[in-house]
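Subject: Structure handover, salt bridges

Hello,

Here is the structure for you to look over. My notes on its salt bridges follow below.

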Amino acid sequence: MEIDDILASVDRHDISNPQSTALDHQLLTRYWVAERSAPELLPWPEQLMERMMERVRQQIETIENLAAASSAEMMNSSTSNTTTHPNATATAANINLKLSILQTDLSRTQYLLRSFLRQRLAKLTKHSMYYLLQIASHDPSSSSSSSTLSSSLLTSSNPDSAKHHQVTQQPEDSVPVPDPAAHPAPLSRAEVDFLYTHQTLLARHYGASFLSSFPGQLRRLDDNAGGTSMVQGPDLREVVFVRCLVEESRVVVPVEDGNGAGGMGGVEMSGVTMRMGDVWVVRWEGVKGAWERGDVEVL
């Protein structure tokens with residue numbers, strides 16, 4: 001049974017439900033481990049993050065209320081006679097114990113959330129242009145192709161305007177603008193805003209540092225002249241440790257030639273099967289589909 005099916009059987013509207021809290025924490029831990037191991041950015045778990053952040057806010061409020069109550073109990077116990085109020089000290093000790101437990105649990109959850117977000121930010125900044133092109137268009141090369149086509153049309157129609165366009169071309173002009181109406185998967189809305197701002201500032205820095213001395217046609221950051229793209233994406237051939245969670249799951253890996261490149265016209269082979277409980281070291285591209293279906297978990 002997949003973790004999503006288990007969570008679906010729990011009342012998620014009541015985020016204070018202990019069973020839902022435990023399952024959400026288990027799911028967050030799995031996402032965190034998978035994000036640390038997978039070479040590419042995984043889909044943003046929007047609903048899970050909303051529930052976890054709401055629990056964090058509620059727990060912070062609870063801790064603040066208990067801290068205020070503990071301070072009041074300590075003041076009462078210090079000003080009153082312990083023989084008159086024998087339970088005052090015991091009550092303050094119980095509140096302090098609750099505070100310690102809640103703060104420990106809050107720190108554990110905050111560590112997972114922060115580490116999860118740091119891993120995603122590291123991948124975003126490493127392949128920023130790749131993900132911007134991915135969310136701007138389904139075809140990562142469409143931005144470069146359209147810019148090349150528009151430059152060609154401009155050259156044929158007006159050579160003087162084309163020359164002026166090349167001279168005034170700036171690196172930030174090649175940064176694709178995300179479509180606000182489109183779904184930003186696998187990113188969140190906040191990550192899209194961060195990524196666009198980050199890449200724009202980086203392009204301006206490159207332009208002010210050294211690209212301004214280059215010819216206009218060489219200032220783009222997404223150039224694919226000569227059939228070689230400047231935009232590099234994550235290496236899906238990196239290996240990951242996975243455990244099979246179903247009776248059996250197929251591992252499908254593209255066939256490669258002797259040089260390590262995909263061969264045989266993109267033919268795929270699927271001759272290996274994982275059994276429940278098996279732990280394998282496989283390429284991410286071979287188990288990505290199985291992970292998305294919940295057939296395997298990344299270790």
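Buried means under 20% relative accessible area, exposed means over 50%, and partly exposed lies in between (1.4 Å probe, protein chains only). The model is predicted, so local features need pLDDT of at least 70, side-chain atom pairs count only at pLDDT 80 or more, and totals for chains, interfaces and linings use all residues. Residues are numbered from 1 along each chain as its sequence is written, and side-chain values use heavy atoms, with hydrogens and water left out.

The structure holds 14 salt bridges (a side-chain nitrogen of Lys or Arg within 4 Å of a carboxyl oxygen of Asp or Glu). Helices (H or I, at least four residues) and strands (E, at least two) are DSSP runs, numbered from the N terminus.

E40 and K288 form one of these bridges, at 2.8 Å, N to O. E40 sits in the loop between α2 (18-37) and α3 (46-79), and K288 in helix α9 (residues 284-293), so the pair ties together parts 248 residues apart in sequence. E40 is buried, at 8%. K288 is partly exposed, at 27%.

R243 and E297 also pair, at 2.5 Å, N to O. R243 is in strand β1 (residues 239-244) and E297 in strand β5 (residues 296-298), so this bridge ties together parts 54 residues apart in sequence. E297 is buried, at 14%, whereas R243 is partly exposed, at 31%.

R108 and D105 meet at 2.7 Å, N to O. Both lie in helix α4 (residues 87-126), three residues apart, about one turn of the helix.

Finally, a network of salt bridges links E35, R120, K123 and E191.

Best wishes
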